[in-house]
Amino acid sequence: MSLIVFFIILVFVYGLFSERIERTVITAPIFFTTAGMLMLLFLPEMSANPDKIEIFLLLAEIGLVLLLFTDASRTDLKILMNIRSLPTRLLSLGLLLSILLGALAAVMVFPGLSIWEAGILAAILAPTDAGLGQIIVNSPHVPMKIRQALNVEAGLNDGLSVPFLLFFIAFATVGGEEHSARLSFFIIQQLGYGILVGVGIGLLGGWLLGLAKRKNWMADSWQQLAVVMVPLCCAVIAETVGASMFIAAFVAGLAVQIGYKEVGADSIEFTEEWGQLVNLSIFFLFGVLVVLNFQGFNLKHLLYAVISLTLVRMVPVWIALMGTGLNRATVLFMGWFGPRGLASIVLGLVYLEHATHQSGKTTIQLALMLTVLLSIFAHGLSAMPGINIYTRKLATLPSSAPELEEVKTKT
């Protein structure tokens, strides 16, 4: 039985019992990651022939391109205009401190890593995963203000982490003052060209989509597919000119809104349907990779994973939310529910493509995998109990508490 056939059967079986499974604490990422880990029991030849997973690596990149575009396209930029808003605090000071603390923790736990390699690991693990936190975001028991902040943060911090990752990769790969010209070219090519491609395709695609919508040229059944072609076009052109397809897709998602306001709804619908299949395939692949690398894990990797999911996440959130008047229970709740998942997996793959001769490559890979694995299970299994505990605490707060303020949602 091939890897692809096994995954197809798995999706079918999950679909048959999805309603019952979703009533439990078992999330879809937990299910598919576990299935990937157990798959070697049915396909033991995979352990000796891991090259067969290359098709899933391509899916992973496509998945992140679509995710970045969707997150950017559905973001109400007005929410970020107020510098004191919760999402802005988390995406500015919170994100920067997460990368800083993550790098410091990496240097302390893994003395063999260079400062740039430590920064790479921190940048990869900085983004939170909206998919893993879907139970929190969709729960009516969690105040809208808190759900919105966590959702916007997860929607944008993956795209904002990419420039940091590329910057650290450039220094770790090229390095040295004698290579400053080559380093500058790499950064300009990846970031500068990526932004130009994203702005160009986003504006042009948005204008054409908006025009077709106003003139009634476009059938409703084709709207979603037409929108999805925008980030895929970014990926193709960015790859041709040597730019970052992820930067291009993220910027295009912001730019396309100018000409086509309905882009958010169309991209979300596609992501929730076909995009979900891509995401689950990535978690399935991740489970396979965990087992293939299982013998390399040690206590240092576990220690870093625990630090990354607790101190590296919770301390920056606490600092970023100072002065908001939020209850300590709310700050603790928001600090804990910052799961690492899809974006970290794919950003890790991006790094591995560039890290050809780096001494810290294996350490970064194993620390990343164990952190994401721990997050998938820890955050997935604690979501419902965490909501219940937090709900009981909210019941003791006065109606004037900042958590309970009404917020305007994008329509």
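Buried means under 20% relative accessible area, exposed over 50%, and partly exposed in between, using a 1.4 Å probe and protein chains only. This is a predicted model, where local features need pLDDT of at least 70, side-chain atom pairs count only at pLDDT 80 or more, and totals for chains, interfaces and linings use all residues. Residues are numbered from 1 along each chain as its sequence is written, and side-chain values use heavy atoms, leaving out hydrogens and water.

**Overview**
- The protein has 16 helices and 0 strands; these are DSSP runs (helices H or I, at least four residues; strands E, at least two), numbered from the N terminus.
- Of its 411 residues, 54% count as buried.

**An exposed residue**
- Phe12 is found in helix α1 (residues 3-21).
- With a relative accessible area of 56%, Phe12 is exposed.

**An enclosed helix**
- Helix α5 (residues 115-125) has 9 of its 11 residues buried, so it is largely enclosed by the rest of the structure.
- Among the buried residues of α5 are Glu117, Gly119 and Leu121.

**Nonpolar cores**
- A nonpolar core is a set of buried Ala, Val, Leu, Ile, Met, Phe, Trp, Tyr and Cys residues joined through side-chain atoms within 4.5 Å.
- The largest nonpolar core has 96 residues, and Leu121, Phe246 and Tyr304 touch the most other members.
- Helix α11 (residues 263-292) gives the most to this core, with 10 residues.
- Another core, of 20 residues, lies apart from it and includes Leu150 and Phe337.
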